[in-house]
Amino acid sequence: MIKQVTGVAVTLLLSAVPALAQTIYPIDRADILAGSKFDFKVELPGVVDQAKLKVTLNGMDHAAVFGQSGIFTAREAGRDQSALLLRDVSLAKPGPVTVEVSDGAQSRAVTWTVYDTGPRKAKNVILFIGDGMSPAHRVAARILSKGIAEGKSRGKLAIDDMPQMALVATAGSDSIITDSANAASAYATGHKAAVNALGVYADRTPDPLDDPRVETIASLAKRAGLAVGIVTNTEVEDATPAAMVAHTRRRAAYDAIVAQYFDARPDVLMGGGSANFLPQSAAGSKRRDDVDYLARFRDAGYPVATTASELNALAAKPETRQLLGLFAPGNMDGALDRKFLKGGGVKKFPEQPDLTEQVQAALTVLSKHEPGFFLMVESGLIDKYAHLLDMERAVYDTIMLDNAVRLAKDWAKARNDDTLFLVVADHNHPNSLVGTINDDMTASPNVPLRERVGVYEKAGFPNYPAADAEGYPSRVDVSRRLAIFSASLPDHYETFRPKLDDPNEPTVKGDQPDTFKANDKYKDVPGVVLRFGNLPAMIGASVHSGEDVILTATGPGSERVHGSMDNTEVFRVMVEALGLGAGK
């Protein structure tokens, strides 16, 4: 049975200076898994006499409760501000707790909720994240891969064909709009975080690596004896995969994130981003030191795959129980380029595996760990392409995610494995499917494309060719295409046509510092329209939006997925399925 605690009240009594927001970490209304590790920090806006500072939990001194007195800093960061910090504490016993921090002056109160888990329900948990995957991406993927006739789809996506569904709110601790860092961090830790932060509460100190940490599901799974896998087609250092293990408030700290991967030792790690594993003396390296993390991982027993053929061969070996796959220096290429257009980096790196191949290899390796595993799989380029207003590429990578989900579901069914499947976006993009675009230029050449947008009954149905066995139409440059528009726009030339050479580049650097302007590359395309943006000139691409995202689920523990949820509750669904609480 799941144990739930109604609340943990935390009262902070500060100096005469008014209290700043979020000066207690964990923050107000945080949900804390019993037995999970976190850093407790109190930030005081003025200098406080340590002798007058009193911290108690239910009337007991904090040192007795947490087993340590912590570190008091009279002048944090050299300023007139004091702080108390306790690292790696936990609350093992569920129940309401009142924490009082007093210097005899003012007070502030925050509330926590501490909860435990019941018995384990699932052997494995697989979390699929379509980064930035909006409802428009899902619908477009269904139309292209399954077809539609007389208003009815000819089939269902695997990501939609699940019994449980919920809408998930995505706001972060500092903004109604998240980035991938704090969005994925909420899934990985069950705690809210600030934009750009991974596995930490962003405090006021200048060091991006010393912020109060919260334990991730990868760490909890490892402590419980489970294997851990992280699979993406972005750089492995990118926000979503890094959130599974990393602790930094600066998501761009790639070198530090690689070091934290090595410390965390996930059993499977795959994606792009090899440039930050190489010492700075090596060709193509982006590191700022001479540490060779490829060598370190090899020395730690990880075989390294750099191509699809190497990946498949290594995964098939009975002795392979750990695996590092790095298939590009930066992000990998998406399905449309790899399979059809050969754009992007495909010519330079032609043997990149498909996400389905990565997932198959990960399942082969992780299933050798009898206790079970946690696996996160990200189709990360959906987001990258949505930022670039490159709708076709985003939709093809949504189809690829669906193929990976189908493969994993079939794998679990064949093995009778009790596996919880979750499919969700980390945040939304403001994309909408509004109709079709009639691009028959022979009938009316040089007509602005806004006059070619068919809505309502004039939209009809698109005429993509029938999809192949993997769900991909062979062409996207058909005469009646889906019209997917973004509500967030920089100034750009809108061709309303697929970019058949390389991914879209809507903007270039502007004439003024730190600004962007429309890319003249597209201004002479027949029928092009110059669209003035609705974003500041300092923004050169589409941005995230704050709508709820769709979560679908199936398997043991999925019954908790329903209605309206917060993104931190996705973590709770997973840890309860795996029984990772203190009372496991």
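## Aromatic contacts and a covered helix

Lys 499 lies over the face of Tyr 522, 5.6 Å from the ring centre. A charge counts as sitting over a ring if NZ of Lys or CZ of Arg is within 6 Å of the ring centre and within 35 degrees of the ring normal. The charged end of Arg 265 sits over the ring of Phe 262, at 4.0 Å from its centre.

The model is predicted: local features need pLDDT of at least 70, side-chain atom pairs count only at pLDDT 80 or more, and totals for chains, interfaces and linings use all residues. Residues are numbered from 1 along each chain as its sequence is written, and side-chain values use heavy atoms, with hydrogens and water left out.

The whole structure holds 14 aromatic pairs. Rings of Phe, Tyr and Trp (its six-membered ring) pair if their centres lie within 6.5 Å; planes under 30 degrees apart count as stacked, over 60 as edge-to-face and the rest as tilted. Two of the pairs are tabulated.

| Pair | Centres apart | Plane angle | Class |
|---|---|---|---|
| Phe 297 and Tyr 302 | 5.0 Å | 85° | edge-to-face |
| Phe 373 and Trp 411 | 5.9 Å | 50° | tilted |

Phe 373 lies in strand 19 (residues 373-379) and Trp 411 in helix 12 (residues 391-415), so this pair ties together parts 38 residues apart in sequence. Helices (H or I, at least four residues) and strands (E, at least two) are DSSP runs, numbered from the N terminus. Phe 373 and Trp 411 are buried (under 20% relative accessible area, 1.4 Å probe, protein chains only). Phe 297 and Tyr 302 are buried too.

Helix 13 (residues 567-578) is mostly covered, with 11 of its 12 residues buried. Among them are Arg 572 and Glu 576. Just after helix 13, Gly 579 takes a positive phi of about 60°.

Definitions and conventions:
Buried < 20%, exposed > 50% of the residue type's maximum accessible area, 1.4 Å probe, protein only.
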